[in-house]
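Subject: A structure for you to look at

Hello,

Here is the structure I promised to pass on to you. Please open it and keep it in view while you read the rest of this message.

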Amino acid sequence: AGIAGAFGAPLAGVIFAVEELGPIMPSGLKYSTMLCAFFSAVVSALALKWLDITNSQRLTLFEVDYKQTWAPWEAVPFAFLGVMGGVLGGVFVLANEAV
């Protein structure tokens, strides 16, 4: 619920819980756990929206306002960075398994 509340994304909170709890649960992650995580994330998001602590009518305490749209050519360097991050992450995992 904390991740969902911080970023205003209940589904991201559930996916984070599944990612973190899935490997350590001996019998796997149950649907009831995911349902409870989603419900608590939705409740926290709705509570923050209802309380409106900052009087900004926003769900989160921060928000990015883009002044101009991105150009299509900018997708190429970001795609390259994503591929490089994936490759380097895979190499890092293989190096750790070798140690």
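Below is what was found in it, going from the whole chain down to single residues.

Before anything else, please keep in mind that this is a predicted model.

Let us begin with the whole chain. Of its 99 residues, 10% count as buried. The accessible surface comes to about 8100 Å², and carbon and sulfur atoms hold 73% of that. As for contacts with a separation of 6 or more, 51% of them are between residues 24 or more positions apart.

Now pick out helix H3, which covers residues 31-51. H3 is made of 21 residues, and from its first C-alpha to its last it reaches 30 Å, close to the 30 Å expected at 1.5 Å a residue. Which residues of H3 are buried? They are Ala37, Ala41, Ser44 and Ala45. These four sit on the same side of H3, because they cover an arc of only 95 degrees around the axis.

The face turned away from the buried side carries exposed residues, namely Tyr31, Leu35, Cys36, Phe39, Leu46 and Trp50.

One more residue of H3 deserves a look, and that is Phe38. Is Phe38 buried, partly exposed or exposed? With a relative accessible area of 35%, Phe38 is partly exposed, because buried would require under 20% and exposed over 50%. Together with Leu11 and Ile15, Phe38 forms a nonpolar patch on the surface. The accessible area of the three residues together is about 290 Å².

Finally, step back to the loop between helix H2 (10-21) and H3, where you will find Lys30. Lys30 is partly exposed too, as its relative accessible area is 43%. How far apart are the C-alpha atoms of Lys30 and Val18? They are separated by 9.6 Å, and the two residues are twelve residues apart along the chain.

Enjoy exploring, and write back with any questions.

Best wishes

Terms used:
Residues are numbered from 1 along each chain as its sequence is written. This is a predicted model: local features need pLDDT of at least 70, side-chain atom pairs count only at pLDDT 80 or more; totals for chains, interfaces and linings use all residues. Side-chain values use heavy atoms; hydrogens and water are left out. Patches are made of residues with over 30% relative accessible area and no salt bridge: like charges are joined within 9 Å, nonpolar side chains (Val, Leu, Ile, Met, Phe, Trp, Tyr) within 5 Å. Accessible areas come from the Shrake-Rupley method with a 1.4 Å probe; for residues, only the protein chains shown count as cover. A salt bridge is a side-chain nitrogen of Lys or Arg within 4 Å of a carboxyl oxygen of Asp or Glu. Helices (H or I, at least four residues) and strands (E, at least two) are DSSP runs, numbered from the N terminus. Buried means under 20% relative accessible area, exposed over 50%, partly exposed in between (1.4 Å probe, protein chains only). Contact means heavy atoms within 4.5 Å. The expected span of a helix is 1.5 Å times one less than its number of residues. The arc is that of the directions from the helix axis to the C-beta atoms.
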